[in-house]
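This report describes the fold, the packing and the side-chain pairings of one protein chain.

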Amino acid sequence: MAKAVVAEDEALLRQALLAALGEAWPQLEIVAECEDGASALEAIAEHRPDVAFLDIRMPGLTGLEVATASAEASPATQIVFVTAYDQYAIGAFERGAIDYLLKPIAADRLAATVQRVQARAAAGHNDAAALAALIRQLGARAPEARAEPPLSWITASTGRETRLILLDDVVYFRADNKYTTVMTADGEALLRKPIRELLDVLDPAVFKQIHRSTIVNMKAVASIVRDDTGKGIVRLRQRLETLTVSQPFMVLFRNM
């Protein structure tokens with residue numbers, strides 16, 4: 001039985017895609033349903049599915065970034081991008097010979113995509129070269145302009161006190177159930193927002209997700225070392241603890 005990972009941050013669209021896949025490919029086993037790029041990358045690395053359906057625009061890692069990293073973690077996984085992009089971007093997908101589904105997803109288009117994925121799997125065909133060419137053309141991040149400039153400060157609470165914290169002073173963010181712990185050089189505070197909601201408002205050139213539950217300020221990093229298991233260990237400039245980079249995320253630091 002073929003296995004799949006489905007990543008779509010909008011719950012209703014994710015459920016619609018799952019239902020459509022159930023009709024078009026009844027034998028397909030969905031091994032993970034993901035609502036952000038970090039979860040999708042870790043699910044692909046863990047399950048090594050036959051195919052991954054990736055929304056291009058997701059919190060944190062985009063579908064293109066997930067595809068880039070998962071090419072090493074699970075090279076046999078075929079990628080199908082789900083997109084709402086305009087015709088210019090669609091042309092890039094078609095020239096790259098990479099399967100895509102345009103929102104809203106049409107049943108006949110999905111059926112054709114399923115047939116192509118199945119045929120390539122049966123033939124042992126690998127899309128690595130076409131995928132790499134597409135990602136080079138569109139860039140490491142999805143070709144969609146940021147609606148607003150990144151944040152420069154946040155408010156977080158310490159007990160009954162609400163603090164204004166400059167993002168330059170943040171060392172890292174750590175998921176804490178539905179909230180987020182903000183770590184600075186001199187302590188910690190609680191941000192009443194889940195970590196996945198931060199990813200679209202932080203500067204991606206400065207703040208990098210290194211685990212589904214951790215975002216680090218690269219200006220606060222002293223070094224990154226790969227251990228014997230393939231994971232990374234981040235040493236910080238202003239704090240004594242170290243942070244772990246999940247193995248699938250290490251590829252994102254290769255060119256740094």
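## Surface and overall make-up

The protein chain exposes about 13100 Å², of which carbon and sulfur atoms supply 51%; accessible areas come from the Shrake-Rupley method with a 1.4 Å probe, and for residues only the protein chains shown count as cover. The model is predicted: local features need pLDDT of at least 70, side-chain atom pairs count only at pLDDT 80 or more, and totals for chains, interfaces and linings use all residues. Residues are numbered from 1 along each chain as its sequence is written, and side-chain values use heavy atoms, with hydrogens and water left out.

Seven helices and 15 strands are found in the protein chain; helices (H or I, at least four residues) and strands (E, at least two) are DSSP runs, numbered from the N terminus. Of the 256 residues, 46% are buried, where buried means under 20% relative accessible area, exposed over 50%, and partly exposed in between (1.4 Å probe, protein chains only). Among contacts in the protein chain with a separation of 6 or more, 56% are between residues 24 or more positions apart; a contact means heavy atoms within 4.5 Å.

Leu166 belongs to strand 7 (residues 161-166), and its relative accessible area of 43% makes Leu166 partly exposed.

## Helix 2 and its cover

Helix 2 (residues 37-47) is mostly covered, with nine of its eleven residues buried. These are Gly37, Ala38, Ser39, Ala40, Leu41, Glu42, Ala43, Ile44 and Ala45. The elements that cover them include strand 1 (3-7), strand 2 (29-34), strand 3 (51-55), helix 3 (63-73) and strand 11.

## Aromatic rings

A search of the whole structure finds one aromatic pair. Phe173 and Phe207 form this tilted pair, at 5.8 Å centre to centre and with 50° between the planes. Phe173 lies in strand 8 (residues 170-176) and Phe207 in strand 11 (residues 207-211), so the pair ties together parts that are 34 residues apart in sequence. Both Phe173 and Phe207 are buried. Rings of Phe, Tyr and Trp (its six-membered ring) pair if their centres lie within 6.5 Å; planes under 30 degrees apart count as stacked, over 60 as edge-to-face and the rest as tilted.

Two tyrosine rings carry an arginine over the face. The charged end of Arg109 is 4.3 Å from the ring centre of Tyr100, while Arg192 lies over Tyr179 at 5.4 Å from the ring centre. A charge sits over a ring if NZ of Lys or CZ of Arg is within 6 Å of the ring centre and within 35 degrees of the ring normal.

## Salt bridges

There are eight salt bridges, each defined as a side-chain nitrogen of Lys or Arg within 4 Å of a carboxyl oxygen of Asp or Glu. In one of them, the closest N and O atoms of Asp99 and Arg116 are 2.7 Å apart. Asp99 lies in strand 5 (residues 99-102) and Arg116 in helix 5 (residues 107-123), so the pair ties together parts that are 17 residues apart in sequence. Asp99 is buried at 4% relative accessibility, whereas Arg116, at 33%, is partly exposed. Asp99 also meets Arg120 in a salt bridge (2.3 Å, N to O). Arg120 lies in helix 5 and Asp99 in strand 5, so this pair ties together parts that are 21 residues apart in sequence; Arg120 is buried, as is Asp99.

Lys219 and Asp168 form a further salt bridge, with their closest N and O atoms 3.9 Å apart. This pair links distant parts of the chain, 51 residues apart: Lys219 is in the loop between strand 12 (214-217) and strand 13 (221-226), and Asp168 in the loop between strand 7 and strand 8. Both Lys219 and Asp168 are exposed. Salt bridges that share partners also join Glu8, Asp55 and Lys103 into one network.

## Backbone geometry

Most residues other than glycine have a negative phi, and most peptide bonds are trans. Lys103 and Pro104 are joined by a cis peptide bond, with omega about -10°; Pro104 is in the loop between strand 5 and helix 5.

Arg48, in the loop between helix 2 and strand 3, has a positive phi near 45°. Asn177 likewise has a positive phi, of about 55°, and lies in the loop between strand 8 and strand 9 (179-184). With a relative accessible area of 77%, Asn177 is exposed.
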